[in-house]
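I opened this notebook to record what I looked up in one model, going from the overall fold to single residues.

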Amino acid sequence: KTQEAVSYLNAQTQRTESAVLASVCQHLAANAILSRWVARARENGIKTEIDARIPANLPMDDVALIGILANSFENAVEGSLRCPEETERFINVKIAYSVYNGAGKLHIVFENSCADPIVFENGFPKSQKSGGGTGTKSISYTAEKYNGMVEFSAENGVFRTRVLLHL
């Protein structure tokens, strides 16, 4: 009986894992991190929409890409959860890779509900975490590494993270 129960739990865990790892995009590492964060956001009652057009063969270091996506998603979830309960909590993600005249560009936009006001210091949102956070600075560092740019803004209860990378 115990072995049957263990087998059943293992099967359920695998089924849950595959459901969590729904196909969000072709890039395996990005798909894994994005699908897990989508599941986490939805578990917290945050309406989440994602349009991620990231090819499997993106010419970018996986660790750098995952750092941007994980930090952006974590910030979006935390920001949405700070909204009052009666506020619609949401996260919208749009990611597109394009090539023009041989030059690749990756454009990443996260929009999420946020509680006003957001305080900015030198273009970065001031962290709500004790001791300060490092996520936005990490995103900015990676953008600079890829000759790109990053912009953080908040207006009318919507926080935006925009990243443009030259690949």
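The entries below follow the order in which I went through the model.

**Entry 1, overall make-up.** I note at the outset that this is a predicted model. I counted four helices and seven strands in the protein chain, and I read their order from the N terminus as α-α-β-α-β-β-β-β-α-β-β. Of the 167 residues in the chain, 37% are buried. I also looked at how far apart in sequence the contacting residues lie: among contacts between residues at least 6 apart, 61% join residues at least 24 apart.

I traced an open sheet of five strands in the order 1-2-3-7-6, with mixed pairing. Strand 1 and strand 6 are its edge strands, each pairing on one side only. Ignoring direction, neighbouring strands in this sheet are turned by 10 degrees against each other on average. I then checked what packs on the sheet, and found that helix 2 touches strand 1 and strand 2, its direction making about 165 degrees with that of strand 1. Helix 3 also packs on the sheet, where it touches strand 1, strand 2, strand 3 and strand 7, and its direction makes about 15 degrees with that of strand 3.

I followed strand 6 (residues 149-155) and found it joined to strand 7 by seven bridges, the two running antiparallel. I noted two of the bridge pairs: Phe152 has Thr161 of strand 7 as its partner, and Ala154 has Phe159 of strand 7. The two strands form a hairpin with two residues between them, and Asn156 in the turn has a positive phi of about 50 degrees.

The crossing is left-handed. Helix 3 makes the contact through Ala64, Ile68, Asn71, Ser72 and Asn75, and helix 4 through Gly135, Thr136, Ser138, Ile139 and Thr142.

Which residues have the most contacts inside the largest nonpolar core? That core has 34 residues, and I listed Leu34, Ile54, Met60, Leu69, Phe73, Ile91 and Ile95 as those with the most contacts inside it. The elements that give two or more residues to this core are helix 2, helix 3 (62-81), strand 2 (90-100), strand 3 (103-113), helix 4 (135-145) and strand 7 (158-166). Helix 3 gives the most, with eight residues. I kept in mind that nonpolar side chains tend to be buried together in soluble globular proteins.

Is Thr48 buried or exposed? Thr48, which I located in strand 1 (residues 47-53), counts as buried because its relative accessibility is 6%, and the cut-off for buried is under 20%. Its side chain reaches the backbone oxygen of Ile46 at 3.0 Å. Beyond its neighbours within four places in sequence, I found Thr48 in contact with Val38, Ala41, Arg42, Phe73 and Ile91.

I found His27 in the loop between helix 1 (2-20) and helix 2 (28-43). His27 is buried, with a relative accessible area of 3%, and its side chain reaches the backbone nitrogen of Ala30 at 3.1 Å. Neighbours within four places in sequence aside, His27 is in contact with Ile54, Pro55, Ala56, Leu58, Asp62 and Leu65.

Asn101, in the loop between strand 2 and strand 3, has a positive phi near 50 degrees and is exposed, with a relative accessible area of 70%. Asn122, in the loop between strand 4 and strand 5 (124-125), has a positive phi of about 55 degrees and is exposed at 76%. I also recorded a cis peptide bond joining Asp116 and Pro117, with omega about -10 degrees; Pro117 is in the loop between strand 3 and strand 4 (120-121).

Terms used:
Residues are numbered from 1 along each chain as its sequence is written. This is a predicted model: local features need pLDDT of at least 70, side-chain atom pairs count only at pLDDT 80 or more; totals for chains, interfaces and linings use all residues. Side-chain values use heavy atoms; hydrogens and water are left out. Buried means under 20% relative accessible area, exposed over 50%, partly exposed in between (1.4 Å probe, protein chains only). A polar contact is a pair of N or O atoms within 3.5 Å; within protein, one must be able to donate a hydrogen and the other to accept it, and residues adjacent in sequence count only if both atoms are side-chain atoms. Contact means heavy atoms within 4.5 Å. A nonpolar core is a set of buried Ala, Val, Leu, Ile, Met, Phe, Trp, Tyr and Cys residues joined through side-chain atoms within 4.5 Å. Two strands pair if DSSP finds at least two bridges between them. A crossing is left-handed if the near helix is turned anticlockwise from the far one by less than a right angle, and right-handed if clockwise. Axes are lines fitted to C-alpha atoms, for helices over the stretch in contact, and angles run from 0 to 180 degrees between N-to-C directions.
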